[in-house]
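Visitor: I would like to go through this model term by term and hear what stands behind each label.
Guide: Then ask, and each label will be set against its value.

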Amino acid sequence: MEFISTRNGGGTPFTASDAILKGLCPDGGLFIPREIPRLSPSFTLSKGAWYAMYTAMLPFFEGDELEGDLEEICRSAFSFPVPFHAAGGKDTLELYYGPTAAFKDFGARFLAFSMEKLLEKRNEDITILVATSGDTGGAVASAFHGRKHISVKVLFPEGRVSKRQELQLTGWDGNVSSYEVEGSFDDCQRMVKEAFMDPSLHGLSSANSINLGRLLPQMAYYAYASELYALRYGEKPVIVIPSGNVGNSTGAYWAAAMGAPIRQIVLAANANRPITDYLESGEYRPRASVRTLANAMDVGAPSNIERLFALFPDYDSFRSAVSAYSVSDDEIKATIREVHDESGYVICPHTACGERVRRDHVSSPYSIVVSTAHPAKFSDTVEPLIGEEIAIPRSLYEIMQRPSRAKHIAADYHLLFQ
Ligand SMILES: *Cc1c(COP(=O)(O)O)cnc(C)c1O
(Lines give C-alpha, C1' and ligand atoms only; values in the text may rest on other atoms or scores of the structure.)
Protein backbone atom coordinates (compact mmCIF):
# COMPACT_ATOMS: atom_id res chain seq x y z
CA MET A 1 0.00 0.00 0.00
CA GLU A 2 1.40 3.37 -1.03
CA PHE A 3 0.74 6.80 0.43
CA ILE A 4 1.13 10.06 -1.47
CA SER A 5 0.76 13.78 -0.76
CA THR A 6 -2.51 15.68 -1.22
CA ARG A 7 -0.41 18.31 -3.04
CA ASN A 8 1.83 16.33 -5.34
CA GLY A 9 0.16 13.07 -6.33
CA GLY A 10 3.02 12.15 -8.69
CA GLY A 11 5.81 12.35 -6.07
CA THR A 12 7.69 9.48 -4.41
CA PRO A 13 5.27 7.28 -2.48
CA PHE A 14 5.64 6.47 1.23
CA THR A 15 4.74 3.42 3.32
CA ALA A 16 2.19 3.68 6.14
CA SER A 17 5.03 3.51 8.68
CA ASP A 18 6.94 6.35 7.03
CA ALA A 19 3.77 8.43 6.87
CA ILE A 20 3.09 7.81 10.57
CA LEU A 21 6.61 8.84 11.60
CA LYS A 22 6.74 11.89 9.32
CA GLY A 23 3.28 13.25 10.15
CA LEU A 24 3.33 15.80 7.34
CA CYS A 25 4.56 15.24 3.75
CA PRO A 26 7.84 16.95 2.78
CA ASP A 27 5.87 19.22 0.40
CA GLY A 28 3.55 20.39 3.21
CA GLY A 29 0.62 18.26 2.05
CA LEU A 30 -1.14 15.48 3.93
CA PHE A 31 -0.66 11.76 3.41
CA ILE A 32 -3.43 9.92 1.60
CA PRO A 33 -3.52 6.38 0.17
CA ARG A 34 -2.86 6.32 -3.56
CA GLU A 35 -6.11 4.40 -3.79
CA ILE A 36 -8.49 3.71 -0.94
CA PRO A 37 -8.60 -0.10 -0.55
CA ARG A 38 -11.75 -2.18 -0.19
CA LEU A 39 -12.54 -3.78 3.17
CA SER A 40 -10.66 -7.06 3.19
CA PRO A 41 -12.34 -10.50 3.39
CA SER A 42 -10.69 -10.90 6.81
CA PHE A 43 -12.75 -8.00 8.21
CA THR A 44 -14.90 -9.44 11.00
CA LEU A 45 -17.18 -8.36 13.84
CA SER A 46 -16.98 -11.75 15.51
CA LYS A 47 -14.13 -10.99 17.92
CA GLY A 48 -15.24 -7.63 19.29
CA ALA A 49 -14.49 -4.00 18.55
CA TRP A 50 -10.70 -3.89 18.73
CA TYR A 51 -10.34 -6.91 16.48
CA ALA A 52 -12.82 -5.51 13.96
CA MET A 53 -10.81 -2.30 13.91
CA TYR A 54 -7.62 -4.29 13.39
CA THR A 55 -9.10 -6.14 10.43
CA ALA A 56 -10.45 -2.88 8.96
CA MET A 57 -6.95 -1.35 9.08
CA LEU A 58 -5.05 -4.34 7.70
CA PRO A 59 -5.31 -3.37 3.99
CA PHE A 60 -3.52 -0.06 4.72
CA PHE A 61 -0.55 -1.98 6.19
CA GLU A 62 -0.18 -4.61 3.49
CA GLY A 63 3.57 -5.19 3.05
CA ASP A 64 4.36 -2.58 5.72
CA GLU A 65 7.00 -3.11 8.42
CA LEU A 66 4.21 -2.86 11.05
CA GLU A 67 1.94 -5.44 9.41
CA GLY A 68 3.03 -8.24 11.77
CA ASP A 69 2.70 -5.99 14.85
CA LEU A 70 -0.66 -4.50 13.94
CA GLU A 71 -2.81 -6.96 15.86
CA GLU A 72 -0.84 -6.41 19.07
CA ILE A 73 -0.85 -2.63 18.61
CA CYS A 74 -4.63 -2.59 18.14
CA ARG A 75 -5.19 -4.88 21.12
CA SER A 76 -3.17 -2.49 23.33
CA ALA A 77 -4.48 0.77 21.85
CA PHE A 78 -8.21 -0.07 21.71
CA SER A 79 -8.46 -1.55 25.19
CA PHE A 80 -11.82 0.05 26.08
CA PRO A 81 -15.46 -0.42 24.97
CA VAL A 82 -17.06 1.22 21.89
CA PRO A 83 -20.77 1.07 22.83
CA PHE A 84 -23.94 2.30 21.17
CA HIS A 85 -26.58 4.14 23.13
CA ALA A 86 -29.51 2.53 21.29
CA ALA A 87 -32.70 4.50 20.74
CA GLY A 88 -34.77 2.60 18.19
CA GLY A 89 -32.48 3.27 15.26
CA LYS A 90 -31.67 6.88 16.19
CA ASP A 91 -28.63 5.65 18.02
CA THR A 92 -25.57 7.35 19.47
CA LEU A 93 -22.09 5.93 19.18
CA GLU A 94 -20.21 6.66 22.40
CA LEU A 95 -16.56 7.14 21.54
CA TYR A 96 -15.54 8.37 24.98
CA TYR A 97 -14.49 5.36 27.03
CA GLY A 98 -10.74 5.86 26.56
CA PRO A 99 -8.46 7.32 29.29
CA THR A 100 -9.25 10.98 28.50
CA ALA A 101 -12.93 10.39 27.71
CA ALA A 102 -13.02 11.61 24.09
CA PHE A 103 -12.76 9.97 20.67
CA LYS A 104 -9.21 11.26 20.24
CA ASP A 105 -7.99 8.49 22.56
CA PHE A 106 -8.41 6.02 19.68
CA GLY A 107 -6.09 7.83 17.31
CA ALA A 108 -3.65 9.07 19.91
CA ARG A 109 -3.16 5.64 21.44
CA PHE A 110 -2.81 3.91 18.10
CA LEU A 111 -0.24 6.49 17.08
CA ALA A 112 1.71 6.20 20.33
CA PHE A 113 1.93 2.40 20.22
CA SER A 114 2.80 2.40 16.49
CA MET A 115 5.50 5.06 16.84
CA GLU A 116 7.07 3.42 19.86
CA LYS A 117 7.26 0.12 17.97
CA LEU A 118 8.72 1.74 14.85
CA LEU A 119 11.31 3.81 16.72
CA GLU A 120 12.38 0.76 18.67
CA LYS A 121 12.87 -1.17 15.39
CA ARG A 122 14.78 1.72 13.80
CA ASN A 123 16.63 2.79 16.96
CA GLU A 124 15.59 6.46 16.52
CA ASP A 125 14.18 9.22 18.76
CA ILE A 126 11.66 11.94 17.88
CA THR A 127 9.99 15.05 19.32
CA ILE A 128 6.28 15.47 18.76
CA LEU A 129 4.63 18.90 18.53
CA VAL A 130 0.89 19.09 19.18
CA ALA A 131 -1.35 22.13 18.86
CA THR A 132 -4.62 21.62 20.69
CA SER A 133 -7.89 23.50 20.96
CA GLY A 134 -8.95 21.24 23.77
CA ASP A 135 -9.11 17.49 23.69
CA THR A 136 -6.24 16.63 21.35
CA GLY A 137 -3.49 17.56 23.77
CA GLY A 138 -4.92 15.62 26.68
CA ALA A 139 -5.40 12.50 24.59
CA VAL A 140 -1.91 12.77 23.09
CA ALA A 141 -0.22 13.51 26.42
CA SER A 142 -1.94 10.56 28.06
CA ALA A 143 -1.21 8.21 25.16
CA PHE A 144 2.49 9.15 24.89
CA HIS A 145 3.35 9.62 28.54
CA GLY A 146 6.11 7.16 29.46
CA ARG A 147 6.60 5.86 25.90
CA LYS A 148 10.20 5.25 24.95
CA HIS A 149 12.09 7.16 22.19
CA ILE A 150 9.51 9.99 22.14
CA SER A 151 9.24 13.40 23.78
CA VAL A 152 6.10 15.51 23.41
CA LYS A 153 5.45 19.28 23.44
CA VAL A 154 1.77 20.24 23.79
CA LEU A 155 0.71 23.82 22.81
CA PHE A 156 -2.64 25.23 23.88
CA PRO A 157 -4.19 28.71 23.53
CA GLU A 158 -4.32 30.76 26.72
CA GLY A 159 -7.84 31.10 28.12
CA ARG A 160 -9.49 29.11 25.33
CA VAL A 161 -9.74 25.68 26.90
CA SER A 162 -11.93 24.71 29.84
CA LYS A 163 -10.39 24.36 33.31
CA ARG A 164 -10.86 20.64 33.11
CA GLN A 165 -9.28 20.40 29.66
CA GLU A 166 -6.35 22.44 30.93
CA LEU A 167 -5.81 20.12 33.89
CA GLN A 168 -5.49 17.25 31.42
CA LEU A 169 -2.76 19.07 29.52
CA THR A 170 -0.57 20.49 32.23
CA GLY A 171 0.01 17.78 34.82
CA TRP A 172 2.49 15.64 32.91
CA ASP A 173 6.14 15.14 33.65
CA GLY A 174 8.96 13.08 32.16
CA ASN A 175 8.71 12.97 28.37
CA VAL A 176 5.66 15.30 28.11
CA SER A 177 5.81 19.17 28.43
CA SER A 178 2.94 21.64 27.99
CA TYR A 179 3.00 25.28 26.80
CA GLU A 180 0.27 27.89 27.37
CA VAL A 181 0.51 30.17 24.30
CA GLU A 182 -0.49 33.86 24.15
CA GLY A 183 -2.75 33.50 21.11
CA SER A 184 -5.50 31.46 19.46
CA PHE A 185 -5.60 27.83 18.42
CA ASP A 186 -4.76 28.94 14.88
CA ASP A 187 -1.59 30.59 16.25
CA CYS A 188 -0.64 27.31 17.93
CA GLN A 189 -1.17 25.46 14.65
CA ARG A 190 0.91 28.05 12.80
CA MET A 191 3.80 27.69 15.28
CA VAL A 192 3.84 23.94 14.71
CA LYS A 193 3.84 24.42 10.93
CA GLU A 194 6.69 26.94 11.15
CA ALA A 195 8.79 24.63 13.33
CA PHE A 196 8.36 21.90 10.71
CA MET A 197 9.56 24.26 7.98
CA ASP A 198 12.68 25.26 9.97
CA PRO A 199 15.62 23.34 8.46
CA SER A 200 17.67 23.69 11.65
CA LEU A 201 15.23 21.51 13.61
CA HIS A 202 15.48 17.74 13.23
CA GLY A 203 13.48 14.72 14.30
CA LEU A 204 10.15 16.56 14.57
CA SER A 205 6.86 14.84 14.05
CA SER A 206 3.21 15.57 14.67
CA ALA A 207 0.48 13.80 16.52
CA ASN A 208 -2.23 16.19 15.33
CA SER A 209 -5.27 14.97 13.52
CA ILE A 210 -3.30 15.34 10.27
CA ASN A 211 -1.21 12.28 11.19
CA LEU A 212 -2.19 9.19 9.25
CA GLY A 213 -1.89 7.16 12.46
CA ARG A 214 -4.66 9.25 14.00
CA LEU A 215 -6.89 8.94 10.98
CA LEU A 216 -6.84 5.19 10.34
CA PRO A 217 -8.43 4.24 13.70
CA GLN A 218 -11.15 6.80 12.97
CA MET A 219 -11.83 5.02 9.68
CA ALA A 220 -11.79 1.70 11.56
CA TYR A 221 -14.45 2.52 14.15
CA TYR A 222 -16.78 3.71 11.39
CA ALA A 223 -16.30 0.40 9.58
CA TYR A 224 -17.01 -1.44 12.84
CA ALA A 225 -19.98 0.70 13.88
CA SER A 226 -21.72 0.82 10.50
CA GLU A 227 -21.36 -2.95 9.99
CA LEU A 228 -22.73 -3.61 13.48
CA TYR A 229 -25.59 -1.17 12.91
CA ALA A 230 -26.45 -2.72 9.55
CA LEU A 231 -26.46 -6.18 11.14
CA ARG A 232 -28.83 -5.04 13.90
CA TYR A 233 -31.28 -3.01 11.87
CA GLY A 234 -30.86 -4.38 8.36
CA GLU A 235 -30.35 -0.79 7.15
CA LYS A 236 -27.36 1.42 6.41
CA PRO A 237 -27.10 4.37 8.81
CA VAL A 238 -26.74 8.06 8.11
CA ILE A 239 -23.78 9.11 10.27
CA VAL A 240 -23.80 12.58 11.81
CA ILE A 241 -20.37 13.74 12.96
CA PRO A 242 -19.58 16.78 15.14
CA SER A 243 -16.68 18.30 13.18
CA GLY A 244 -13.94 20.90 13.49
CA ASN A 245 -10.65 19.92 11.84
CA VAL A 246 -12.67 17.23 9.98
CA GLY A 247 -10.23 14.44 10.89
CA ASN A 248 -12.96 12.35 12.46
CA SER A 249 -15.24 12.82 9.47
CA THR A 250 -12.43 12.10 6.97
CA GLY A 251 -12.19 8.70 8.69
CA ALA A 252 -15.86 8.15 7.93
CA TYR A 253 -15.45 9.10 4.24
CA TRP A 254 -12.57 6.63 3.97
CA ALA A 255 -14.67 3.88 5.61
CA ALA A 256 -17.49 4.59 3.15
CA ALA A 257 -15.05 4.50 0.22
CA MET A 258 -13.84 1.09 1.46
CA GLY A 259 -17.38 -0.22 1.16
CA ALA A 260 -18.60 0.06 4.77
CA PRO A 261 -22.42 0.25 4.87
CA ILE A 262 -22.89 3.99 5.31
CA ARG A 263 -25.93 5.66 3.73
CA GLN A 264 -24.71 9.21 4.07
CA ILE A 265 -22.27 11.30 6.10
CA VAL A 266 -23.43 14.61 7.57
CA LEU A 267 -21.10 17.06 9.29
CA ALA A 268 -22.34 19.03 12.29
CA ALA A 269 -20.39 22.25 12.85
CA ASN A 270 -20.71 24.87 15.56
CA ALA A 271 -20.78 28.59 14.64
CA ASN A 272 -17.48 28.17 12.73
CA ARG A 273 -18.61 27.93 9.13
CA PRO A 274 -15.71 27.33 6.70
CA ILE A 275 -17.39 24.25 5.25
CA THR A 276 -21.05 25.29 5.45
CA ASP A 277 -20.12 28.57 3.72
CA TYR A 278 -18.19 26.70 1.02
CA LEU A 279 -21.22 24.49 0.35
CA GLU A 280 -23.41 27.57 0.04
CA SER A 281 -21.09 29.82 -1.96
CA GLY A 282 -18.75 27.52 -3.90
CA GLU A 283 -15.80 29.51 -2.61
CA TYR A 284 -13.58 28.00 0.12
CA ARG A 285 -12.36 30.65 2.54
CA PRO A 286 -10.37 29.67 5.65
CA ARG A 287 -10.66 32.27 8.39
CA ALA A 288 -10.00 32.92 12.11
CA SER A 289 -11.97 30.76 14.51
CA VAL A 290 -14.77 32.03 16.74
CA ARG A 291 -15.37 30.79 20.27
CA THR A 292 -18.31 28.53 21.00
CA LEU A 293 -19.54 26.17 23.69
CA ALA A 294 -18.32 23.25 21.55
CA ASN A 295 -14.78 24.54 21.79
CA ALA A 296 -12.94 21.46 20.51
CA MET A 297 -14.58 22.35 17.18
CA ASP A 298 -13.57 26.05 17.18
CA VAL A 299 -11.70 25.82 13.90
CA GLY A 300 -11.83 28.32 11.04
CA ALA A 301 -9.24 26.61 8.82
CA PRO A 302 -9.77 22.84 9.12
CA SER A 303 -6.42 21.05 8.88
CA ASN A 304 -7.84 17.93 7.24
CA ILE A 305 -9.80 19.78 4.54
CA GLU A 306 -7.11 18.89 1.96
CA ARG A 307 -7.98 15.25 2.41
CA LEU A 308 -11.65 15.93 1.70
CA PHE A 309 -10.66 18.00 -1.34
CA ALA A 310 -8.47 15.08 -2.50
CA LEU A 311 -11.54 12.82 -2.35
CA PHE A 312 -13.93 15.37 -3.87
CA PRO A 313 -11.77 17.69 -5.96
CA ASP A 314 -14.33 19.99 -7.52
CA TYR A 315 -17.27 21.87 -6.08
CA ASP A 316 -19.91 19.65 -7.65
CA SER A 317 -18.44 16.38 -6.39
CA PHE A 318 -17.84 17.94 -2.96
CA ARG A 319 -21.40 19.20 -2.77
CA SER A 320 -22.89 15.88 -3.77
CA ALA A 321 -20.87 13.94 -1.15
CA VAL A 322 -20.64 16.36 1.76
CA SER A 323 -23.44 17.93 3.70
CA ALA A 324 -22.79 20.17 6.66
CA TYR A 325 -24.88 22.30 8.97
CA SER A 326 -23.95 24.91 11.52
CA VAL A 327 -25.36 24.93 15.07
CA SER A 328 -25.43 28.01 17.32
CA ASP A 329 -24.58 28.12 21.03
CA ASP A 330 -28.27 28.69 21.85
CA GLU A 331 -29.19 25.58 19.89
CA ILE A 332 -26.45 23.60 21.66
CA LYS A 333 -27.90 24.56 25.04
CA ALA A 334 -31.48 23.88 24.00
CA THR A 335 -30.53 20.47 22.60
CA ILE A 336 -28.67 19.35 25.74
CA ARG A 337 -31.76 20.30 27.77
CA GLU A 338 -34.21 18.75 25.30
CA VAL A 339 -32.43 15.38 25.17
CA HIS A 340 -32.12 15.26 28.95
CA ASP A 341 -35.79 16.17 29.48
CA GLU A 342 -36.93 13.49 27.04
CA SER A 343 -34.90 10.55 28.26
CA GLY A 344 -32.44 11.51 30.97
CA TYR A 345 -29.58 11.01 28.49
CA VAL A 346 -26.74 13.50 28.96
CA ILE A 347 -24.62 14.71 26.01
CA CYS A 348 -21.66 17.08 25.66
CA PRO A 349 -21.87 20.36 23.65
CA HIS A 350 -20.15 18.77 20.61
CA THR A 351 -22.49 15.82 20.57
CA ALA A 352 -25.37 18.29 20.94
CA CYS A 353 -24.38 19.82 17.57
CA GLY A 354 -24.74 16.37 16.06
CA GLU A 355 -28.08 15.70 17.73
CA ARG A 356 -29.44 19.10 16.61
CA VAL A 357 -28.44 18.36 13.02
CA ARG A 358 -30.06 14.92 13.17
CA ARG A 359 -33.30 16.41 14.48
CA ASP A 360 -33.42 19.24 11.97
CA HIS A 361 -31.86 17.80 8.82
CA VAL A 362 -31.87 13.97 8.76
CA SER A 363 -35.10 12.45 7.49
CA SER A 364 -34.03 8.78 7.54
CA PRO A 365 -35.11 6.89 10.70
CA TYR A 366 -31.75 5.10 10.57
CA SER A 367 -28.97 7.27 11.91
CA ILE A 368 -25.99 7.37 14.22
CA VAL A 369 -24.90 10.53 15.99
CA VAL A 370 -21.28 10.30 17.03
CA SER A 371 -20.75 11.24 20.66
CA THR A 372 -17.26 12.68 20.68
CA ALA A 373 -16.71 13.34 24.41
CA HIS A 374 -18.05 12.45 27.84
CA PRO A 375 -20.32 15.25 29.09
CA ALA A 376 -18.37 15.46 32.38
CA LYS A 377 -15.53 17.08 30.41
CA PHE A 378 -17.84 20.07 29.85
CA SER A 379 -19.62 20.14 33.20
CA ASP A 380 -19.49 23.98 33.39
CA THR A 381 -21.80 24.10 30.39
CA VAL A 382 -23.84 20.96 30.84
CA GLU A 383 -24.61 20.78 34.57
CA PRO A 384 -26.52 24.10 34.83
CA LEU A 385 -28.65 23.06 31.83
CA ILE A 386 -29.70 19.71 33.23
CA GLY A 387 -29.70 20.64 36.94
CA GLU A 388 -27.62 17.61 37.89
CA GLU A 389 -24.04 16.79 38.65
CA ILE A 390 -22.26 14.49 36.23
CA ALA A 391 -19.81 11.95 37.63
CA ILE A 392 -16.31 12.21 36.15
CA PRO A 393 -14.89 9.01 34.66
CA ARG A 394 -12.24 7.61 36.98
CA SER A 395 -9.31 7.69 34.54
CA LEU A 396 -9.92 11.36 33.83
CA TYR A 397 -10.21 12.18 37.51
CA GLU A 398 -6.82 10.63 38.17
CA ILE A 399 -5.17 12.63 35.36
CA MET A 400 -6.64 15.88 36.70
CA GLN A 401 -5.22 15.37 40.20
CA ARG A 402 -1.69 16.09 38.99
CA PRO A 403 -0.20 19.57 39.75
CA SER A 404 0.20 21.97 36.78
CA ARG A 405 3.62 22.22 35.15
CA ALA A 406 2.70 24.33 32.08
CA LYS A 407 5.09 27.01 30.74
CA HIS A 408 3.57 30.32 29.59
CA ILE A 409 5.04 31.61 26.27
CA ALA A 410 4.45 34.13 23.46
CA ALA A 411 3.26 32.81 20.08
CA ASP A 412 6.77 32.21 18.71
CA TYR A 413 7.88 28.66 17.94
CA HIS A 414 11.54 29.34 18.81
CA LEU A 415 10.51 29.53 22.48
CA LEU A 416 9.62 25.83 22.41
CA PHE A 417 13.24 24.89 21.88
CA GLN A 418 14.94 27.03 24.55
C1 LIG B 1 -11.64 17.12 18.30
C2 LIG B 1 -13.05 17.08 18.69
C3 LIG B 1 -14.07 17.26 17.75
C4 LIG B 1 -13.79 17.59 16.30
O5 LIG B 1 -13.15 16.55 15.61
P6 LIG B 1 -12.35 16.89 14.25
O7 LIG B 1 -11.70 15.62 13.89
O8 LIG B 1 -11.40 17.98 14.57
O9 LIG B 1 -13.38 17.31 13.26
C10 LIG B 1 -15.38 17.13 18.18
N11 LIG B 1 -15.68 16.89 19.47
C12 LIG B 1 -14.72 16.72 20.41
C13 LIG B 1 -15.13 16.47 21.82
C14 LIG B 1 -13.39 16.81 20.05
O15 LIG B 1 -12.46 16.66 20.99
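Visitor: How much space lies in the largest cavity?
Guide: About 270 Å³ of space lies in the largest cavity. The model is a predicted one.

Visitor: What makes such a space a cavity and not a pocket?
Guide: A cavity holds points where a 1.4 Å probe fits but cannot get out, whereas a pocket is an open set. The search of the whole structure finds two cavities of 30 Å³ or more.

Visitor: Which residues are closest to the centre of the largest cavity?
Guide: Of the 25 residues in its lining, Phe 103, Lys 104, Gly 244, Asn 245 and Ala 296 are the closest to the centre. A lining residue has an atom within 4 Å of a point of the cavity.

Visitor: Which helices each supply at least two residues of that lining?
Guide: They are α5 (135–144), α7 (185–197) and α9 (247–258). With three residues, α9 gives the most to the lining of the largest cavity.

Visitor: How does the lining of the largest cavity divide by class?
Guide: It has 14 polar, nine nonpolar and two charged residues. Gly counts as polar in this scheme.

Visitor: What is the volume of the second largest cavity, and which residues are closest to its centre?
Guide: The volume is about 90 Å³. Its lining has 15 residues, and Ser 243, Gly 244, Ala 269, Asn 272 and Ile 275 are the closest to the centre.

Visitor: What makes the pair of Asp 298 and Thr 292 a polar contact?
Guide: The cut-off is 3.5 Å between N or O atoms. The side chains of Asp 298 and Thr 292 make their contact at 2.7 Å, and therefore fall within it. Asp 298 itself is in the loop between α10 and α11 (305–311).

Visitor: Why is His 149 called partly exposed?
Guide: Buried means under 20% relative accessible area and exposed means over 50%. His 149 has 26%, so it counts as partly exposed. His 149 lies in the loop between α5 and β6 (150–157), and has a positive phi of about 70° although it is not a glycine.

Visitor: Why is Val 246 called buried?
Guide: Its relative accessible area is 2%, and the limit is under 20%, so Val 246 is buried. Val 246 sits in the loop between β9 (238–242) and α9. Its phi is positive, about 55°, although Val 246 is not a glycine.

Visitor: What makes Ser 226 buried?
Guide: Ser 226 has a relative accessible area of 0%, therefore the label is buried. Its place is in helix α8 (residues 212–233). From C-alpha to C-alpha, Ser 226 and Phe 185 are 32 Å apart in space, and 41 residues apart in sequence.

Terms used. Residues are numbered from 1 along each chain as its sequence is written. This is a predicted model: local features need pLDDT of at least 70, side-chain atom pairs count only at pLDDT 80 or more; totals for chains, interfaces and linings use all residues. Side-chain values use heavy atoms; hydrogens and water are left out. On a 1 Å grid over the protein atoms alone, a cavity is a set of points where a 1.4 Å probe fits but cannot get out, and a pocket is an open set with protein on both sides within 12 Å along at least five of seven lines; lining residues have an atom within 4 Å of a point. Grid points are joined across faces, edges and corners, and a volume is the space filled by probe spheres set on the points. Helices (H or I, at least four residues) and strands (E, at least two) are DSSP runs, numbered from the N terminus. A polar contact is a pair of N or O atoms within 3.5 Å; within protein, one must be able to donate a hydrogen and the other to accept it, and residues adjacent in sequence count only if both atoms are side-chain atoms. Buried means under 20% relative accessible area, exposed over 50%, partly exposed in between (1.4 Å probe, protein chains only).
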